[in-house]
Amino acid sequence: MGFRIGNGYDVHQLAQGRDLVLGGVHIPHDKGCVAHSDGDALIHALCDALLGAAALGDIGHHFPDTSAEFKDIDSRILLRRTMQLVRDAGYELVNADVTLLLQKPKVAPYIGKMREELAAAMDTDIENISVKATTTERLGFVGREEGVAAQAVALICRK
Ligand code: MG
């Protein structure tokens with residue numbers, strides 16, 4: 001046995017004049033995420049799921065948004081470092097599953113590339129990483145295109 005599961009959730013506000021980066025992929029859009037980092041909510045949720053599974057705290061603890069080191073940082077670096085923390089604690093990834101919630105734009109054409117980017121940053125096979133996306137049927141802050149949200153679960157096991 002030695003299996004452990006974790007979940008993560010993140011939200012970022014959308015604003016004009018910012019790049020939209022989700023799952024490590026730049027997506028052409030007129031709005032992007034407002035954040036101290038590159039605002040990749042998908043990766044942030046995944047990091048929190050991994051840290052939660054290993055009971056290692058959360059992303060804000062390890063990569064504080066008050067630190068200049070993490071200003072505009074590529075979140076794939078945070079994911080790589082998170083995976084290292086998990087491995088250093090004696091665990092290996094089994095699989096992870098992420099759901100992205102955003103109204104626009106359609107991200108289906110980018111899902112494959114996101115999985116590739118995530119798997120590369122985590123040093124795992126692409127079949128261990130699932131990415132899904134949904135709108136919220138125009139309801140709530142996601143539906144009003146005010147923000148993007150992401151949920152993730154990760155399963156790890158003792159090495
Ligand atoms: Mg975040």
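## Sheet and packing helices

Strands β1 (3–16) and β7 (residues 147–158) run antiparallel and are joined by 11 bridges. Within this pair, phenylalanine 3 stands opposite cysteine 157 in β7. The model is predicted: local features require pLDDT of at least 70 and side-chain atom pairs pLDDT 80 or more, while totals for chains, interfaces and linings use all residues. Residues are numbered from 1 along each chain as its sequence is written, and side-chain values use heavy atoms, without hydrogens and water.

Helices (H or I, at least four residues) and strands (E, at least two) are DSSP runs numbered from the N terminus; two strands pair if DSSP finds at least two bridges between them.

Five strands make up an open sheet of mixed pairing, in the order β4-β1-β7-β5-β6. Because β4 (31–34) and β6 each have a single partner strand, they stand at the edges, and one side of each is left without a neighbour in the sheet. On average, neighbouring strands are turned by 25 degrees against each other, direction ignored.

Angles run from 0 to 180 degrees between N-to-C directions, with axes fitted to C-alpha atoms, for helices over the stretch in contact.

| Helix | Strands touched | Angle of directions |
|---|---|---|
| α3 (residues 75–88) | β5 and β7 | about 145 degrees with β5 |
| α4 | β5 and β6 | about 140 degrees with β6 |

Strands β5 (residues 91–101) and β6 (residues 129–134) run parallel, joined by six bridges. Aspartate 97 has serine 130 in β6 as its bridge partner.

Conventions. Contact = heavy atoms within 4.5 Å.
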